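Dear colleague,

Please find below the structure that I am handing over to you. My account of what was found in it comes after.

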There are 2 protein chains.
Amino acid sequence: MTLVERKQRQARQRIVEVAEELFLASGFDNVSVSEIAERAEVGRTTFFRHFGDKQEVLFSKNQEQLATIAAAQDLVDIAPARNAFEAIEQLRPIVLAILALVTVDPEAYIRHFQIIEQNSDLQGREAAKVQQLGDKLSQVLIHRGTDESTALFAAQVALACFQTAKALGNNPHTLVDDTQGAFVRVLTLGREPRTRRAKRSTPG
Amino acid sequence: MTLVERKQRQARQRIVEVAEELFLASGFDNVSVSEIAERAEVGRTTFFRHFGDKQEVLFSKNQEQLATIAAAQDLVDIAPARNAFEAIEQLRPIVLAILALVTVDPEAYIRHFQIIEQNSDLQGREAAKVQQLGDKLSQVLIHRGTDESTALFAAQVALACFQTAKALGNNPHTLVDDTQGAFVRVLTLGREPRTRRAKRSTPG
């Protein structure tokens, strides 16, 4: 990395940190791009070189996520999944890697969702980003030669595992484990006993 | 239904129809509430009695969806699901009923998504509404006595079935069948042969 690149990266990081502080302190709607730029000691032009708008600052992690997926896609020697089970198993390590990445700094993860929860537009953007991740996941499988219908199904099931972990408290310390637990559950669904219901123990 | 109620219902319906026509013709961002009200021959006050904002007009179907879920929740004599398989099976008819409802008018369904696709805020709102539906689905199960972790998992898997059908073309004519297909797939996941991969046919 050259000195210029390192400086740009530092500026980007500072913008994210300062913006999150301001959003938490004053509320997302009450903070302007000019305020963020001023506090981060960069010009507005620099801000807009890095981020399309104020919302985008909160979703910069997504670029790292997509890079992880792109890297997975490059592992072209992985054979196509032949059924939904295999397809979901192929997505599992990718999803877990992404979640490990975004929870590396648990405080930052919690801060992110504290800001998101303030504002319904941000909640919408978050939900849409998750769906975009689903599109990427299915592309990984299609790229490996899996049929489209299986790939789309597997990607949505993989997202469901992540969404389950989010619904279970969205705890950055357990998110990877909770997601992994959901994967195990989903991959063993057809094996659960269907007749347990019928049996009722009669006391005495 | 009284005459007043019927008139209110008609006004509401007219607002939705007119708004969708205008959004499709001019683009969501270029249509004002005043224009919608004028074309629907109601006052702005009437508009805001029915809808919180311009976006809300596009999501009025959600109220019907939630009514369906509420009705399902009232069937209190359904025993708690004892495992994830049963929980997903309990959600299946509810999800299929909702989808049958929202695709009753296939043209309207297609129009809805044509408008949504114009605008990233609307895509976000749509995605957030789907997650809200997931919350309601898990509440149905919890209300019946299913443990929270199973309920949250089953709700996300049920949403994944619906999202798969959406990703497979979001075709209102096949949406119920496509979703049903995803349910069958997910409920038989653990039964898929894991060893098929190993066998390779050697030609000749």
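This is a predicted model: local features need pLDDT of at least 70, side-chain atom pairs count only at pLDDT 80 or more; totals for chains, interfaces and linings use all residues.

Residues are numbered from 1 along each chain as its sequence is written, and chains are lettered from A and ligands numbered from 1 in the order in which they are written.

Domains of chain A

Chain A is assigned domain 1 (3–54) and domain 2 (59–190); such bounds come from an automatic or database domain assignment. The centres of the two domains, taken over C-alpha atoms, are 27 Å apart. Seven residues of domain 1 of chain A are in contact with seven of domain 2 of chain A, contact meaning that the C-beta atoms of two residues, placed from the backbone, lie within 7 Å. On the domain 1 side, four of these residues are nonpolar, one is polar and two are charged. Here Ala, Val, Leu, Ile, Met, Phe, Trp, Tyr, Cys and Pro count as nonpolar, Asp, Glu, Lys and Arg as charged, and the others, Gly among them, as polar.

Contact of chains A and B

Chain A and chain B each bring 36 residues to their contact. On the side of chain A, at least two residues come from each of α6 (84–102), α8 (120–143), α9 (148–167) and α10 (175–187); helices are DSSP runs (H or I, at least four residues), numbered from the N terminus. The most comes from α9(A), with ten residues. By class, this side of chain A has 15 nonpolar, eleven polar and ten charged residues.

The same surface serves both copies, as 100% of the contact residues of chain A recur in chain B.

The α9 pair

The axes of α9(A) and α9(B) (residues 148–167) come within 8 Å and cross at roughly 150°; axes are lines fitted to C-alpha atoms over the stretch in contact, and angles run from 0 to 180 degrees between N-to-C directions. The two helices are therefore roughly antiparallel (an angle over 145 degrees). Among the residues of α9(A) that meet α9(B) are A:L152, A:F153 and A:Q156. The residues of this contact divide into twelve nonpolar, six polar and no charged.

With kind regards

Conventions
Angles under 35 degrees count as roughly parallel, over 145 as roughly antiparallel, 65 to 115 as roughly perpendicular and the rest as oblique.
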